[in-house]
Amino acid sequence: VQAALQHPNPVVRTHAIEVVVTTQHKDMMADIIRLMEDPLMPVRFAATTAAGDMLCYGCEQHIRKRLEDEDENVRVAAAYSLLKLNYPEYHEYLRQAAQSKDQTIRANALMLLGKNGNRDDLDLLYQAMRDETASDQVKIQAIDAIAQLKDTRLYRSKLWALLISKYADDRVMGIRSMGALGTLDAQNAIITMLTDDVLEVRLCAAEQLGRLGDSSGREEVARYLQTHPDLSQSDMATMLAVMAIGYIGTPDLTAYLPKALQSPSEDIRLAAAQSILLLTKK
């Protein structure tokens, strides 16, 4: 993970930041602070957001510098992180950004409102979800944010429709939002997706169930790893399977992690590292 945080590819750096947040490895905060100054906006955005997700109270000075960032997306991330660090005056800044005409800024602000966890923002999130003029990116982030706020109205009104969509991408999005919702009904709905016709949908269901502490998808992950044991391809199916190991954690699955950590794919190595770090915290 530390090597990936210094990787020349910005996508790898961004992925590594996400792994640090997921595994809550605070000993890597020095790298996160450094990446807040990264030349590329997506990396600065991820690093600045991570400072709030990690509740890094020693990062306040660095976060405040990002309030002056040339890119509005990074300024929104800085407002979010300061809000997480108990500066409530930045809540309104996030709400304003969630109504921006710039669809990327709006989508990012909606995502951050979901992560912040204040149910007073549900009105704004539903407004974005139902906005016919909004981009698909905005609507997706609004749905996911509502799920993160555990609003069960979403279960019947939107998420179930995604699970029965003819498009696999919709079904994957529905599974992830059901996972964020996290209710027993949502968990049972994800279990039904373990029999989907599309491999990636089944593996996504297994991984999300693992996140919820449910090992119902273990056999699906084991079956995939048995038939694709080289772990050299950074395709979605392999990524999901390797990530699922960290949440399910049975010995038959964890046996694949040393090989995954030696994969020629940077993404697979990072997914393996995440799984190993998660397992060491159990």
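A residue counts as buried when its relative accessible area is under 20%, as exposed when that area is over 50%, and as partly exposed in between, with a 1.4 Å probe and protein chains only. Alanine 244, with a relative accessible area of 0%, is therefore buried.

The model is a predicted one, in which local features need pLDDT of at least 70 and side-chain atom pairs count only at pLDDT 80 or more, while totals for chains, interfaces and linings use all residues. Residues are numbered from 1 along each chain as its sequence is written, and side-chain values use heavy atoms, with hydrogens and water left out.

Alanine 244 belongs to helix 15; helices here are DSSP runs of H or I with at least four residues, numbered from the N terminus. Its contacts, meaning heavy atoms within 4.5 Å, are with Glu207 and Val221 once neighbours within four places in sequence are set aside. The C-alpha atom of alanine 244 is also 7.8 Å from that of glutamine 208, a residue 36 places away along the chain.

Helix 15 (236-248) is in turn one of the elements against which the buried residues of helix 11 pack, together with helix 9 (136-148), helix 10 (153-163), helix 12 (184-192) and helix 13 (199-211). Helix 11 is largely enclosed by the rest of the structure, because 10 of its 14 residues are buried. Among these buried residues are Arg171, Met173, Ser177 and Leu181. Glycine 182 follows helix 11 and has a positive phi, near 75°.

Positive phi values also occur in residues other than glycine. One is glutamine 24, with phi near 55°, in the loop between helix 1 (10-23) and helix 2. At 33% relative accessibility, glutamine 24 counts as partly exposed. Another is asparagine 86, whose phi is near 75°. Asparagine 86 sits in the loop between helix 5 and helix 6 (91-97) and, at 56% relative accessibility, counts as exposed.

In helix 1, threonine 23 is buried at 1% relative accessibility. Apart from neighbours within four places in sequence, threonine 23 touches Gln274, Leu277, Leu278 and Lys281. In helix 2 (residues 29-35), aspartate 31 is buried at 14% relative accessibility. Its contacts, not counting residues up to four places away in sequence, are Gln2, Leu5 and Gln6.

Helix 5 (residues 72-84) packs with helix 7 (residues 103-116) at an angle of about 10°, their axes lying 10 Å apart. Helix 5 is thus roughly parallel to helix 7, a term for angles under 35 degrees. Such axes are lines fitted to C-alpha atoms over the stretch in contact, and the angles run from 0 to 180 degrees between N-to-C directions. From helix 5, residues including Val76, Ala77, Tyr80 and Leu83 meet residues of helix 7 including Ile105, Ala109 and Leu112. The residues of this contact comprise 7 nonpolar, 4 polar and 3 charged, where Ala, Val, Leu, Ile, Met, Phe, Trp, Tyr, Cys and Pro count as nonpolar, Asp, Glu, Lys and Arg as charged, and the others, Gly among them, as polar.

Methods: Helix = DSSP H or I, 4+ residues; strand = E, 2+ residues; numbered from the N terminus. Parallel < 35°, antiparallel > 145°, perpendicular 65-115°, else oblique.
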